[in-house]
Amino acid sequence: FRLQEIDKDNSWRLYPVKLFSKNNLEKFCNHNKFKMMDFNELKEWKINQALPIFNYEIDGKNNPLELGLTDLVDFNKGCYLGQETMARLKKVSSLKKEIRQWKSFKLINNKKLNNKKVFLNEDKDKIVGYITSYFYSNLRQYIGLCMIKKKFLDQNNSFFTEDFGVINIVKSKFSVFL
């Protein structure tokens, strides 16, 4: 099991990871009186950290540089799948999209997220990205992560989706980009 201390105000990168077997983890947590996060707390924390999640943001379509994980890529190590592509992306530093956090105070469509497209405005004339994950937080708002085309990031911080209406997009203070 992986154990890592976390807090809402600092990056997950600041705290070391400890690995335990199940028996040792329970003893360690009981002895140190740690509070374990439940599933919902963990999901909300991951979104607020803009931490990509397997099968959502980590889907084979996005690379680690677009996901704000630049500091976790070893550009000096050779001979790994995708190494040449990563080196080329770093050299050119021209990412097409970046991960962002978003917020909305309403859900228009009560069904499962159908249309993941993010539009520049309510006219839906320009697709600028797509929602990758969402969660209804304790603050009575929907939050999530999305991948947005980089050229639209500085133009507007409000975008439109068919499921959530107007969404506000912000850059995570915990993501590391080129």
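Guide: A term to begin with: a residue is buried under 20% relative accessible area, exposed over 50% and partly exposed in between, with a 1.4 Å probe and protein chains only. This is a predicted model, in which local features need pLDDT of at least 70 and side-chain atom pairs count only at pLDDT 80 or more, while totals for chains, interfaces and linings use all residues. Residues are numbered from 1 along each chain as its sequence is written, and side-chain values use heavy atoms, with hydrogens and water left out.

Visitor: Is C146 buried or exposed?
Guide: C146 is buried, because its relative accessible area is 0%. C79 has 78% relative accessibility and therefore counts as exposed.

Visitor: How many disulfides does the structure hold?
Guide: It holds zero disulfides, a disulfide being a pair of cysteine sulfur atoms within 2.5 Å.

Visitor: And what is the overall layout?
Guide: The protein has three helices and eight strands. These are DSSP runs numbered from the N terminus, helices being H or I with at least four residues and strands E with at least two. Along the sequence the pattern is β-β-α-α-α-β-β-β-β-β-β. Taken along the principal axes, the C-alpha atoms fill a box of roughly 55 × 45 × 25 Å. Of the 178 residues, 40% are buried.

Visitor: Which way do β7 and β8 pair?
Guide: Strand β7 (residues 158-161) and strand β8 (residues 165-170) pair in the antiparallel sense over four bridges; two strands pair if DSSP finds at least two bridges between them. S158 stands opposite N168 in β8. The two strands are joined by a hairpin of three residues.

Visitor: Changing topic, how many aromatic pairs are there?
Guide: Rings of Phe, Tyr and Trp (its six-membered ring) pair if their centres lie within 6.5 Å; planes under 30 degrees apart count as stacked, over 60 as edge-to-face and the rest as tilted. By this rule there are five aromatic pairs. One of them is Y142 with F164, which is tilted because the ring centres are 5.4 Å apart and the planes stand at 55°.

Visitor: Where do those two residues sit in the chain?
Guide: Y142 is in strand β6 (residues 142-149) and F164 is in the loop between β7 and β8, so the pair links distant parts of the chain, 22 residues apart. Y142 is buried at 14% relative accessible area, and F164 is buried at 1%. Ring pairs also join W102, Y134, Y136, Y142 and F164 into a cluster.

Visitor: Which charged residue lies over the face of F75?
Guide: That is K90, at 4.7 Å from the ring centre. The rule asks for NZ of Lys or CZ of Arg within 6 Å of the ring centre and within 35 degrees of the ring normal. The charged end of K43 likewise sits over the ring of Y56, 5.8 Å from its centre.

Visitor: What about the largest pocket, and which residues lie nearest its centre?
Guide: Of its 33 lining residues, Q4, I6, M37, L42 and W45 lie nearest the centre. The elements giving two or more residues to that lining are β1 (2-4) and α2 (39-49). The largest share, eight residues, comes from α2.

Definitions and conventions. 1 Å grid on protein atoms, 1.4 Å probe; cavity = no way out; pocket = protein on both sides within 12 Å on 5 of 7 lines; lining within 4 Å.
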